[in-house]
Amino acid sequence: MTGWETMSQDLTLDLKVIRNTLEQSPRFKHAMQAVQHTVSIAGAANIFLAGHSLGSAMALLAGKNIATMGFLLETYLFNPPFISVTIEVMTKTEILKSGRRIMRNVTTAGVTIALNALRQRPQTGDWFAALSGWIPYLFVNPSDPISAEYVGFFEHRERMASKGAGAIERLSTRNSISGATHFGTSTVIVGNF
């Protein structure tokens, strides 16, 4: 493929990441088939996933999908996209950053509680619990606007838990309005990559 064709396809996939529809792309379906095939041949303990930027978005989605099937793959993601308002980059003061995140958590948790009350039935199939054993390693450059929000996201989780508001944050994370990818647990390594 020429450079232009590759750039064009990458841009199309970038838009799918933003719209949370990467899973529908032929390239991702092919990657997922390759991961499933490799796991069936070599076993989950003998393979790992890795990717950078768009590749990390695909590896992240493949890892999540395979984890829901019961296979927890060792995963290394370099500057994965965090599709959300980049509070880390747009807001300079810690007070404003914290306030925006708390407002987002409270709003999302409130909407979730209201919608669940309207449904009047419990939700089944908790994918969040299915992913709880999968712990990907995230390597994030805090200067990269595409992935910088991971730093703030995990710092905010720790602050909410230390203030006794961890339940609100967890409810918000489980029911993200934006469709952004969040983790129950992860290891984040911050540096210039």
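Author: Helices are DSSP runs of H or I with at least four residues, numbered from the N terminus. The model is predicted, with local features requiring pLDDT of at least 70 and side-chain atom pairs pLDDT 80 or more, while totals for chains, interfaces and linings use all residues. Residues are numbered from 1 along each chain as its sequence is written, and side-chain values use heavy atoms, without hydrogens and water.

Reader: In which helix is Ser56 found?

Author: Ser56 belongs to helix α3, which covers residues 54-67.

Reader: Is Ser56 buried or exposed?

Author: Buried means under 20% relative accessible area, exposed over 50%, and partly exposed in between, with a 1.4 Å probe and protein chains only. Ser56 is buried because its relative accessibility is 0%.

Reader: Which residues is Ser56 in contact with, leaving aside neighbours within four places in sequence?

Author: Contact means heavy atoms within 4.5 Å. On that basis, and with those neighbours set aside, Ser56 touches Gly51, Leu77, Phe78, Asn79, Pro80 and Pro81. The C-alpha atoms of Ser56 and Tyr76 are 8.0 Å apart, although 20 residues separate the two in sequence.

Reader: How many salt bridges does the structure hold?

Author: A salt bridge places a side-chain nitrogen of Lys or Arg within 4 Å of a carboxyl oxygen of Asp or Glu. The structure holds one: Arg27 pairs with Asp10, their closest N and O atoms being 3.0 Å apart. Arg27 lies in helix α2 (residues 26-42) and Asp10 in helix α1 (residues 3-18), so the pair ties together parts 17 residues apart in sequence. Arg27 counts as partly exposed because its relative accessibility is 31%; Asp10, at 26%, also counts as partly exposed.

Methods
Helix = DSSP H or I, 4+ residues; strand = E, 2+ residues; numbered from the N terminus.
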